[in-house]
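Please read it alongside the sequence and the coordinates.

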Amino acid sequence: MSKKVMVVDDSRVVHLQIKRILADTDYQVVLCCQSGEEALEKYDEVQPDLVTMDILMPGMTGLEAARLLLQSHPQARVLMVSSLAYDNTINEASDIGTKGFIYKPFDREQLLSSLEAALA
């Protein structure tokens with residue numbers, strides 16, 4: 001059975017990249033959101049197994065969205081995806097309970113291994 005992934009990123013290029021990478025895998029992209037607010041609004045409806053969350057987005061940051069999502073859904077699995085590879089950002093993501101951090105740009109193997117680790 002495929003695992004449902006919600007992609008949260010304001011870049012349509014990233015949506016397409018992740019969909020393309022996951023096309024022939026056990027993962028299915030069930031929803032792409034442009035903002036943290038949209039992700040919070042749609043989470044219950046979609047009930048994904050995993051959320052990939054960008055950090056820099058218009059409005060609410062991905063860290064804020066992840067924090068709010070994990071407060072209301074402690075079982076949620078969130079994988080941060082960002083080009084912001086600063087130690088304090090990675091530490092903050094870890095402190096709020098995210099399951100990992102993947103750096104942009106990423107390749108197929110990096111994404112798949114990060115998804116597996118986040119679900120382990």
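Which residues in H3 meet which residues in H4? The points below begin with that contact; the model is a predicted one.

1. On the H3 side, Leu63, Ala66, Arg67 and Leu70 take part, and they meet Thr89, Glu92, Ala93 and Ile96 in H4. Sorted by class, this contact of H3 with H4 comprises five nonpolar, one polar and two charged residues.

2. As to geometry, helix H3 spans residues 62-72 and helix H4 spans residues 87-96; their axes come within 9 Å and cross at roughly 10°. Because angles under 35 degrees count as roughly parallel, H3 is roughly parallel to H4. The crossing of H3 and H4 is left-handed.

3. A second pair is formed by helix H1 (residues 12-22) and helix H5 (residues 108-119), which pack at an angle of about 80° with axes 10 Å apart. The range from 65 to 115 degrees counts as roughly perpendicular, and H1 and H5 are therefore roughly perpendicular to each other.

4. In this second contact, Ile18, Ile21 and Leu22 in H1 meet Arg108, Leu111, Leu112 and Leu115 in H5. By class, the contact of H1 with H5 has six nonpolar residues, one charged residue and no polar ones.

5. Glutamine 75 is located in the loop between H3 and strand E4 (78-82). Its relative accessibility is 53%, so glutamine 75 counts as exposed, the cut-off being over 50%. Between the C-alpha atoms of glutamine 75 and aspartate 49 the separation is 9.4 Å, while the two residues are 26 residues apart along the chain.

Methods
Residues are numbered from 1 along each chain as its sequence is written. This is a predicted model: local features need pLDDT of at least 70, side-chain atom pairs count only at pLDDT 80 or more; totals for chains, interfaces and linings use all residues. Side-chain values use heavy atoms; hydrogens and water are left out. Axes are lines fitted to C-alpha atoms, for helices over the stretch in contact, and angles run from 0 to 180 degrees between N-to-C directions. Helices (H or I, at least four residues) and strands (E, at least two) are DSSP runs, numbered from the N terminus. Angles under 35 degrees count as roughly parallel, over 145 as roughly antiparallel, 65 to 115 as roughly perpendicular and the rest as oblique. A crossing is left-handed if the near helix is turned anticlockwise from the far one by less than a right angle, and right-handed if clockwise. Contact means heavy atoms within 4.5 Å. Ala, Val, Leu, Ile, Met, Phe, Trp, Tyr, Cys and Pro count as nonpolar, Asp, Glu, Lys and Arg as charged, and the others, Gly among them, as polar. Buried means under 20% relative accessible area, exposed over 50%, partly exposed in between (1.4 Å probe, protein chains only).
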